[in-house]
Amino acid sequence: MTLKVIISGTSTGLGRALARHYADSGATLGLIARRADLLEGFVAERAEAEVSLYVADVRDAAALRSAAEDFIVRHGCPDIVIANAGISHGTLTECAEDKEVFEDILATNVVGMVNLFQPFVSPMRTVGQGSLVGIASVAGYRGLPGSGAYSASKAAAISYLESLRVELHGSGLSVITICPGYVVTPMTADNPFPMPFILTADTAARKIVHIIERKKSFAVIPWQMAIVARVLRLLPNFLYDRLFANAPRKPRINHKDHKEN
């Protein structure tokens with residue numbers, strides 16, 4: 001039976017790599033992203049794949065409901081729904097102009113995940129099977145200086161996914177939380193600090209697919225970052241604060257460009 005997979009955030013990076021992997025394995029895909037040209041480019045690369053494209057922002061709940069309805073009519077209920085769409089920018093609470101960026105990050109990384117899952121939960125519950133997969137981050141383990149919005153969004157995603165997992169216990173649906181460390185994507189390209197154990201997008205995608213196949217409820221990739229994250233979580237606040245107060249920070253967004261986009 002052909003696997004049916006929905007993936008958000010498939011313009012570039014990890015989402016694109018996941019789409020390539022599932023296309024090459026013969027899956028039927030529903031790909032969601034904001035940029036039509038990049039989605040159409042994927043179809044050109046994988047002309048043999050069965051793909052439905054949906055140009056949508058995950059912050060737009062109505063657009064995602066429409067995409068879900070269309071996919072189900074065309075292909076049936078999906079087996080896997082991967083909430084991968086996410087954004088990251090440096091932010092500072094003291095800067096009033098960063099408030100809009102805070103809101104965008106939280107709306108995309110948290111509410112966008114809810115918007116993607118919501119229209120699929122009832123149909124998947126009806127058939128009694130399927131996996132809802134949320135891409136969180138080890139950045140959600142502790143608050144990183146200069147990345148308050150991103151760390152908060154990923155911590156919220158981890159807790160939301162756990163709540164959803166418990167809510168759906170016994171329904172036949174799996175809820176899978178995946179926390180990658182650093183992955184080579186446009187989102188990490190401007191990070192001005194060392195990124196230990198960084199993975200290529202294709203390597204990360206292969207690991208994620210394996211986790212989904214095993215229906216493991218929670219996983220950190222690579223395994224080395226799981227150790228780092230646990231150590232950071234165990235550090236007492238006074239020591240964590242001292243170690244990270246002067247750490248290099250992700251650049252803040254150019255607010256003129258942000259408004260134009």
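Q: Where is Glu 48 placed in this predicted model?
A: Glu 48 sits in a loop. Helix H2 (36–45) lies on one side of that loop and strand E3 (50–55) on the other.

Q: Why is Glu 48 called exposed?
A: Its relative accessible area is 60%. Exposed means over 50%, so Glu 48 counts as exposed.

Q: How far is Glu 48 from Gly 143?
A: Their C-alpha atoms are separated by 44 Å. Along the chain, the two are 95 residues apart.

Q: Why is H1 said to be roughly parallel to H2?
A: Helix H1 (residues 13–24) and H2 pack at an angle of about 30°. Angles under 35 degrees count as roughly parallel, so H1 is roughly parallel to H2. The axes are 11 Å apart. H1 passes H2 in a right-handed crossing.

Q: What makes H4 roughly parallel to H5?
A: The axes of helix H4 (residues 99–127) and helix H5 (residues 148–167) cross at roughly 15°. The cut-off for roughly parallel is under 35 degrees, so H4 and H5 meet it. Their axes come within 8 Å. The crossing of H4 past H5 is right-handed.

Q: How many aromatic pairs does the structure hold?
A: One.

Q: Why is the pair of Tyr 240 and Phe 244 called stacked?
A: The ring centres are 4.7 Å apart, and the planes stand at 25°. A pair needs centres within 6.5 Å, and stacked means planes under 30 degrees apart. Both values pass, so the pair is stacked.

Q: Why is Tyr 240 called buried?
A: Tyr 240 has a relative accessible area of 6%. Buried means under 20%, so Tyr 240 counts as buried.

Q: Why does Phe 244 count as partly exposed?
A: Its relative accessibility is 23%. The class runs between the cut-offs of 20% and 50%, so Phe 244 is partly exposed.

Q: How do you know that the charged end of Arg 142 sits over the ring of Tyr 240?
A: The charged end of Arg 142 is 4.1 Å from the ring centre. The distance limit is 6 Å, and the charge must also lie within 35 degrees of the ring normal. Arg 142 is listed as sitting over the ring of Tyr 240.

Q: Which ring does the charged end of Arg 233 sit over?
A: The ring of Tyr 141. The charged end of Arg 233 is 4.3 Å from the centre of that ring.

Q: What makes Cys 77 and Cys 179 buried?
A: Cys 77 has a relative accessible area of 14%. For Cys 179 the value is 0%. The limit for buried is under 20%, so Cys 77 is buried, and so is Cys 179.

Q: Why is Phe 197 called partly exposed?
A: Its relative accessible area is 39%.

Q: What is phi at Lys 215, and where does the residue lie?
A: Lys 215 has a positive phi of about 55°, although it is not a glycine. The residue lies in the loop between helix H6 (201–214) and E9. Lys 215 is partly exposed, at 46% relative accessible area.

Q: Which strand holds Ala 219, and why is this residue called buried?
A: Ala 219 lies in strand E9. Its relative accessibility is 5%. Buried means under 20%, so Ala 219 counts as buried. The C-alpha atoms of Ala 219 and Ile 176 are separated by 8.1 Å. In sequence, these two are 43 residues apart.

Q: Where is Pro 222, and what is omega for the bond from Ile 221?
A: Pro 222 is in the loop between strand E9 (218–221) and helix H7 (223–234). The peptide bond from Ile 221 to Pro 222 is cis, with omega near -10°.

Conventions:
Residues are numbered from 1 along each chain as its sequence is written. This is a predicted model: local features need pLDDT of at least 70, side-chain atom pairs count only at pLDDT 80 or more; totals for chains, interfaces and linings use all residues. Side-chain values use heavy atoms; hydrogens and water are left out. Rings of Phe, Tyr and Trp (its six-membered ring) pair if their centres lie within 6.5 Å; planes under 30 degrees apart count as stacked, over 60 as edge-to-face and the rest as tilted. Buried means under 20% relative accessible area, exposed over 50%, partly exposed in between (1.4 Å probe, protein chains only). Axes are lines fitted to C-alpha atoms, for helices over the stretch in contact, and angles run from 0 to 180 degrees between N-to-C directions. Helices (H or I, at least four residues) and strands (E, at least two) are DSSP runs, numbered from the N terminus. Angles under 35 degrees count as roughly parallel, over 145 as roughly antiparallel, 65 to 115 as roughly perpendicular and the rest as oblique. A crossing is left-handed if the near helix is turned anticlockwise from the far one by less than a right angle, and right-handed if clockwise.
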